[in-house]
Amino acid sequence: MTPRERIVAAMNMEQPDRVPVMSQFSIGFMIQQLKETDINPMELWNDAEKFAEALIWLRERFNFDGILVGIHGHDPNWREKTTVEIVDGVEVATFHDRKETYVDDDLPVGEFFEETAIDVDTFDVNEIPEELDFIAASKNCYVFIHLEDPYKIFRILDEKLKGEYSLHGEISSPLDYLLDLLGYENALVAMMFNPEKVKEILAKYTIGVIKMAEGLCENTSIDAIKISSPFAGSDFISPEHYKEYELPYLSRVATAVKAKGKFVYVHTCGHINDRLEMMAEAGLSGLECLDPEPIGDVALDDAFDRIGDQMFIKGNVDSVNTLLNGSDDKINNDVSERIKIGMKNKGYILSTACSIAPKVKKENVQILSKIANEIGNY
């Protein structure tokens with residue numbers, strides 16, 4: 001099997017030749033690794049050619065079977081729209097509306113010149129466009145999408161990789177857009193005191209998220225779309241609120257992507273053990289993360305027993321307590337145990353639970369594919 005065929009087989013709940021390996025890189029981890037290249041943090045975030053070069057270089061370094069393209073829609077004229085200065089050895093870019101500081105172990109740190117507070121009671125839902133031109137990566141950190149040519153990164157990767165590896169696109173959930181619009185605390189308060197307005201906002205954002213997802217499905221060679229919804233775990237919202245404010249909208253996005261013939265999975269961090277079955281109700285193809293204790297509460301074998309016949313599972317290797325801080329024996333044992341559990345079930349992709357932590361040593365990530373090749377053959 002080719003690496004792409006291996007990933008696709010697992011996502012289709014079929015048996016590949018061996019357990020496929022594909023982890024999500026944090027931006028901080030990418031930057032740390034790319035210090036061996038001439039790609040700097042600002043270029044990684046803003047430049048399609050450099051981002052593609054980085055993704056290919058990292059895939060080769062870790063022998064992954066697929067690539068998550070977490071950023072798309074790079075503006076080809078980004079250099080002309082910013083001025084850059086070096087402050088204490090760090091790039092600081094000034095755009096017309098903000099400053100971005102490109103640290104070497106995390107996402108860019110954004111500082112907007114004007115902050116606009118949103119009053120949910122008076123906010124006009126019609127202000128939300130049906131074509132979204134950004135992804136809210138984190139607080140004050142955005143992927144701005146150049147709508148004139150949003151798919152350039154995929155054309156570059158297609159030309160370089162010739163379809164050998166599985167490509168996945170990424171979008172954010174409607175819940176993420178709600179949290180970005182109102183702010184995390186205000187959004188939670190609004191769920192309690194103005195639930196109908198919150199649902200109107202979520203429904204409008206769902207239209208834009210679906211449009212973005214369908215555009216990726218129709219105009220690129222991706223096999224799957226990852227829906228990023230990090231805040232939908234029990235660390236942030238209750239199961240009742242999950243069912244009310246995440247599940248209906250997530251389900252609509254999943255249905256739209258599957259209608260385009262692509263796989264779709266959700267990435268939710270932290271504690272999700274109390275909502276695994278609800279997540280399966282969304283009609284997703286798969287589920288990513290499944291953080292184990294102590295950063296989460298999901299045991300891989302239990303997750304397979306409960307939802308493994310409904311969706312593929314990607315993840316469960318603790319990036320912090322195993323790969324970052326664990327001994328060599330712990331890393332070998334944890335990774336081997338995940339592979340053995342996965343091989344007893346359908347649809348397993350070996351991966352870190354959440355993104356690879358920035359300061360993880362390269363050797364501790366390279367061991368994933370090494371062990372998979374040693375013991376992961378069916």
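L157 touches A52, L55, I56, V69, K162 and L167, leaving aside residues up to four places away in sequence; contact here means heavy atoms within 4.5 Å. The model is a predicted one, in which local features need pLDDT of at least 70, side-chain atom pairs count only at pLDDT 80 or more, and totals for chains, interfaces and linings use all residues. Residues are numbered from 1 along each chain as its sequence is written, and side-chain values use heavy atoms, with hydrogens and water left out.

**Residue L157**
- Helix α5 (residues 152–161) contains L157; helices (H or I, at least four residues) and strands (E, at least two) are DSSP runs, numbered from the N terminus.
- L157 counts as buried because its relative accessibility is 0%; buried means under 20% relative accessible area, exposed over 50%, and partly exposed in between (1.4 Å probe, protein chains only).
- Between the C-alpha atoms of L157 and S228, which are 71 residues apart along the chain, the separation is 22 Å.

**The sheet**
- Seven strands, in the order β1-β8-β9-β10-β11-β12-β13, form an open sheet with parallel pairing; two strands pair if DSSP finds at least two bridges between them.
- β1 (66–69) and β13 (348–352) are the edge strands, each pairing on one side only.
- On average, neighbouring strands of this sheet are turned by 25 degrees against each other, direction ignored.
- Strands β11 (residues 286–289) and β12 (residues 312–317) run parallel and are joined by 4 bridges.
- C289 has G315 in β12 as its bridge partner.

**Helices on the sheet**
- Helix α1 (residues 3–11) lies across β1, β8 (166–172), β9 (224–228), β10 (263–268), β12 and β13, and runs at about 55 degrees to β8; axes are lines fitted to C-alpha atoms, for helices over the stretch in contact, and angles run from 0 to 180 degrees between N-to-C directions.
- Helix α10 (residues 247–259) also packs on the sheet, where it touches β8, β9 and β10, and its direction makes about 150 degrees with that of β10.

**The α14–α15 pair**
- Helices α14 (residues 328–343) and α15 (residues 362–375) pack at an angle of about 45 degrees, their axes being 10 Å apart.
- The two helices, α14 and α15, are therefore oblique to each other; angles under 35 degrees count as roughly parallel, over 145 as roughly antiparallel, 65 to 115 as roughly perpendicular and the rest as oblique.
- On the α14 side, I331, N332, V335, S336, I339, K340 and M343 meet N364, I367, L368, I371, A372 and I375 of α15.
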